[in-house]
Amino acid sequence: MGHKLKIAGWISVGALAGALTTVSLQTMARNAMAPLPLEEIQQLSAVFGLIKTDYVEPVDDKKLITDAISGMVSGLDPHSQYFDKKSFKEFREGTSGRFVGVGIEITQEDGLVKVVSPIEGSPAFRAGLKTNDLITKIDDTAVKGLALNEAVKRMRGEPNTKVTLTIFRKDESRTFTVTITREEIKTQSVKSKIVEPGYAWVRLSQFQERTVEDFVRKVQEIYQQEPRLKGMVLDLRNDPGGLLDAAVAISAAFLPADVTVVSTNGQLPESKATFKASPEFYARRGSPDPLKRLPVALKTVPLVVLVNEGSASASEIVAGALQDHKRAVILGSQTFGKGSVQTVRPLGPDTGIKITTARYYTPSGRSIQAKGIVPDTMVDESEDGNLFAALRVREADLDKHLGNGQDGAKGKDPSTDKAQEQAREQAREEALKRLECEAKKPEAERKLPEFGSDKDFQLQQALNQLKGLPVKVSKTLTERKEEKKDKDE
């Protein structure tokens, strides 16, 4: 029996090796790349055969291969991902702004799921989940070791069903559970209001298919109320990003025609591109330019952009473009630093991979990756300061994060790297001590005010900037410098 199993296993190995050889030949033919390393392919085949013959119970061939693909892709960086049939469908739903789930943007940290930001108005938002919360269990399943797409699958489901999440909240040093009822998430990605006579606030919580249309409509409403608008605050705090064309369009709404908004660079010729403030780079095929309906005055209205550590990807593209062209003052804290481009490649009719294919660069040529956008003026979250900045996680803190691409080849200076880590660790310890004191206060006193409210400290400072009044600059926030990475890291 064992002999037959081994024969069957090695037949499978032969089939796998043959398939991989075919893939290798196709890859070389398409991209003129060097052949795949034979020794490593043989090891992969050997592992496949050993699992088939020696594992305690039979394992499906399809599962082994898809798990190998998933591991190969997820090992590249935090944003590359394999999609099975269900997760591929959910990914496409996410960019349309409609899906059934709890309503959170997530990434991975130390094998756990980290909340980048709850989607405003979603069940997760109403349940009190916060940016930087770590999800340790989904129902009875420990998250440690789960692929990100598997965690997403477990949180999504049918409308009106419940899911229990176990949360570790770093800034309160506590673990708790919350039961959330899934519902169809119809995200309203744009909010706006006149905060006081002559001044408007426009908040983008995500860049989706309808974001540009919603933005145009909200701005039209603002100018109907305030035809002689004196200033505008564009709020991108905790905006995790989304669609590139939407980011280009929002930038183009404020910038002169045809100037550069963002450029990309990668291995493939199509990864080397420049996106400009022109309809050909953001208008949907067959649709008229949505920005033509905007008031002409929007091009020159004084503008402040609010950002923080939760502002990522498309948000950073907008902030970087407006900063480089000196169209707006950027105010808040250094952004997340997610400056990489992910491209979805179908592997079949229902599966695919999302793979990092390029880096983003601002109009002046700055790489956003692992660096982010540094505000023109650093401003704390509250009047009492930004005491827990050392505990906040950014792209540069994520395992396997992609380097900046501009200085990464220089390698690390071990003494400098060690000193930086020691300083950061000391800052974390001090922040944790402050956290213990803060945790003793009633929760109502610890909760930061809602964005856009009259108690929103950063918004008030943005208004001061627009009015030419003094702005309370942060005493605790400093620029987080990029850490050099060795080529082989």
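This is a predicted model: local features need pLDDT of at least 70, side-chain atom pairs count only at pLDDT 80 or more; totals for chains, interfaces and linings use all residues.
Local features need pLDDT of at least 70 and side-chain atom pairs count only at pLDDT 80 or more, while totals for chains, interfaces and linings use all residues. Residues are numbered from 1 along each chain as its sequence is written, and side-chain values use heavy atoms, with hydrogens and water left out.

**View 1. Helix α9 and its cover.** Helix α9 spans residues 314-324, where a helix is a DSSP run (H or I) of at least four residues and a strand a run (E) of at least two, numbered from the N terminus. Of its 11 residues, 10 are buried, a term for under 20% relative accessible area with a 1.4 Å probe and protein chains only. Among the elements covering these buried residues are α8, β12 (231-235) and β13 (260-265).

**View 2. Helix α8 against α9.** Helix α8 (residues 244-254) packs with α9 at an angle of about 25 degrees, their axes being 9 Å apart; axes are lines fitted to C-alpha atoms over the stretch in contact, and angles run from 0 to 180 degrees between N-to-C directions. The two helices are therefore roughly parallel, the word used for angles under 35 degrees. Residues of α8 including Leu244 and Phe254 meet residues of α9 including Ala314 and Leu322, contact meaning heavy atoms within 4.5 Å.

View 3. Gln323 counts as buried because its relative accessibility is 11%. The Gln323 side chain makes a polar contact (3.2 Å) with the side chain of Asp376; such a contact is a pair of N or O atoms within 3.5 Å, and within protein one must be able to donate a hydrogen and the other to accept it, while residues adjacent in sequence count only if both atoms are side-chain atoms.

Methods:
Buried means under 20% relative accessible area, exposed over 50%, partly exposed in between (1.4 Å probe, protein chains only). Angles under 35 degrees count as roughly parallel, over 145 as roughly antiparallel, 65 to 115 as roughly perpendicular and the rest as oblique.
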